[in-house]
Amino acid sequence: MSDIQLRPVLDGQKALVIGIANKDSIAYGCAKAFRSVGADLAVSWLNEKARGFVEPLARELEASITGEVDVSDPGQLEAIFDQIRKRWGRLDILVHSIAFAPKEDLQGGLLNCSADGFARAMDISCHSFVRMAKLAAPLMTNGGAMFAMSYVGANRVVGNYSVMGPVKAALEAACRYLAFELGPQGIRVHAISPGPLKTRAASGLKNFELMLDEAAHKAPLGELVDIMDVGYACAYLATPFARRVTGGLVYIDGGANLIA
Ligand code: NAD
């Protein structure tokens, strides 16, 4: 999608976006969309190797807060929230756009997935969102919006999605329960389900090119989605225009999920 000209409807809002690996990342589309409507950004990178790719993007996005966050490394998540507390004193938007499963567990089918691989996939791709929500909620003193990236493989069987199917189903359920628990504080929680996108995480899936072809063929809107489609939809959900929307699953897939 070419850049849409938007008024700064999120002017001065504070957004933490976790999950940028490079320019193809869904998280980068979200960060870019939030910035285009005036939000201030905090962004993270996974480790020192990733920093070289993400730091220039953070500069381009004029991110005021940056830092290393590996959610499986105790203390790192807390450290970026500490920075946010000291620098901004509040937070309005949280994006969880991360997933991981060990390759051998992802590619060998669910029956062959090891208990350890299943637990790691669940911890990094699902429970980390609950941990982030717990750290974010006290900073969302004026209400807020939280987003977690799921996939249609949570609700239907998508060949090769394997262990990520049950993990994303748990993530979607976590969004519903967090929407329930955080609703009284004016915090809205959204599970976002983008159509397939050519990113680094997706390259770990067997026959991903076939998934892309199928999605483009099935989508009533006739095209694959891009990262800005996902970003602008999240930006809309973060605005007061969507102030009564929470807990649902929002497909951004050109309608492909409708077609058997
Ligand atoms: P990506 O590779 O650009 O992003 C995945 C991110 O996860 C990376 O930034 C990586 O550093 C991060 N990550 C992995 N382990 C981590 C850890 N321990 N701590 C912190 N971060 C960690 O790929 P993407 O496609 O943009 O993936 C983003 C999200 O979107 C994922 O949840 C993915 O499942 C979901 N999603 C992707 C597609 C797709 O087709 N690409 C479709 C639907 C949903």
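Tutor: Let's start with helix H5 (residues 115–136) and helix H6 (residues 164–182), which pack at an angle of about 15° with their axes 10 Å apart. That makes H5 roughly parallel to H6; angles under 35 degrees count as roughly parallel, over 145 as roughly antiparallel, 65 to 115 as roughly perpendicular, and the rest as oblique. Keep in mind that this is a predicted model, where local features need pLDDT of at least 70 and side-chain atom pairs count only at pLDDT 80 or more, while totals for chains, interfaces and linings use all residues. Residues are numbered from 1 along each chain as its sequence is written, and side-chain values use heavy atoms, with hydrogens and water left out.

A few conventions before we go on. Two packed helices are described by the angle between their axes and the distance between the axes. The axes are lines fitted to C-alpha atoms, for helices over the stretch in contact, with angles running from 0 to 180 degrees between N-to-C directions. Helices (H or I, at least four residues) and strands (E, at least two) are DSSP runs, numbered from the N terminus.

Back to the pair: H5 and H6 cross right-handed, a crossing being right-handed if the near helix is turned clockwise from the far one by less than a right angle, and left-handed if anticlockwise. On the H5 side, the contact (heavy atoms within 4.5 Å) uses Phe118, Ala121, Met122, Ser125, Cys126, Phe129, Val130 and Ala133. Their partners in H6 include Met164, Pro166, Val167, Ala170 and Leu171. By class, the contact of H5 with H6 has 16 nonpolar, 1 polar and no charged residues; Ala, Val, Leu, Ile, Met, Phe, Trp, Tyr, Cys and Pro count as nonpolar, Asp, Glu, Lys and Arg as charged, and the others, Gly among them, as polar.

H5 has another neighbour, helix H3 (residues 76–87), which packs with H5 at about 30° with the axes 10 Å apart. H3 and H5 are therefore roughly parallel to each other, and H3 passes H5 in a right-handed crossing. Leu77, Glu78 and Phe81 of H3 meet Ser128, Arg131, Met132, Leu135 and Ala136 of H5. That contact divides into 5 nonpolar, 1 polar and 2 charged residues.

Now for the empty space. Rolling a probe the size of a water molecule over the atoms shows where empty space is left. On a 1 Å grid over the protein atoms alone, a cavity is a set of points where a 1.4 Å probe fits but cannot get out, and a pocket is an open set with protein on both sides within 12 Å along at least five of seven lines; lining residues have an atom within 4 Å of a point. Grid points are joined across faces, edges and corners, and a volume is the space filled by probe spheres set on the points.

The largest pocket holds about 1,200 Å³. H5 and H6 turn up again here: helix H1 (26–36), strand E2 (40–45), helix H4 (103–107), H5, H6 and helix H7 (208–218) each supply at least two residues of its lining. Of the 44 lining residues, Ile98, Ala99, Phe100, Arg200 and Ala201 lie nearest the centre of the pocket. The lining splits into 29 nonpolar, 10 polar and 5 charged.

The second largest pocket comes to about 330 Å³, and H7 gives the most to its lining, with 5 residues. Nearest the centre of this pocket, among 22 lining residues, are Tyr151, Val152, Val158, Glu214 and Lys218.

As for cavities, searching the whole structure turns up 1 of 30 Å³ or more. The largest cavity has a volume of about 40 Å³ and is lined by Gly195, Pro196, Ala215, Ala219, Glu223, Leu224, Val225 and Asp253.
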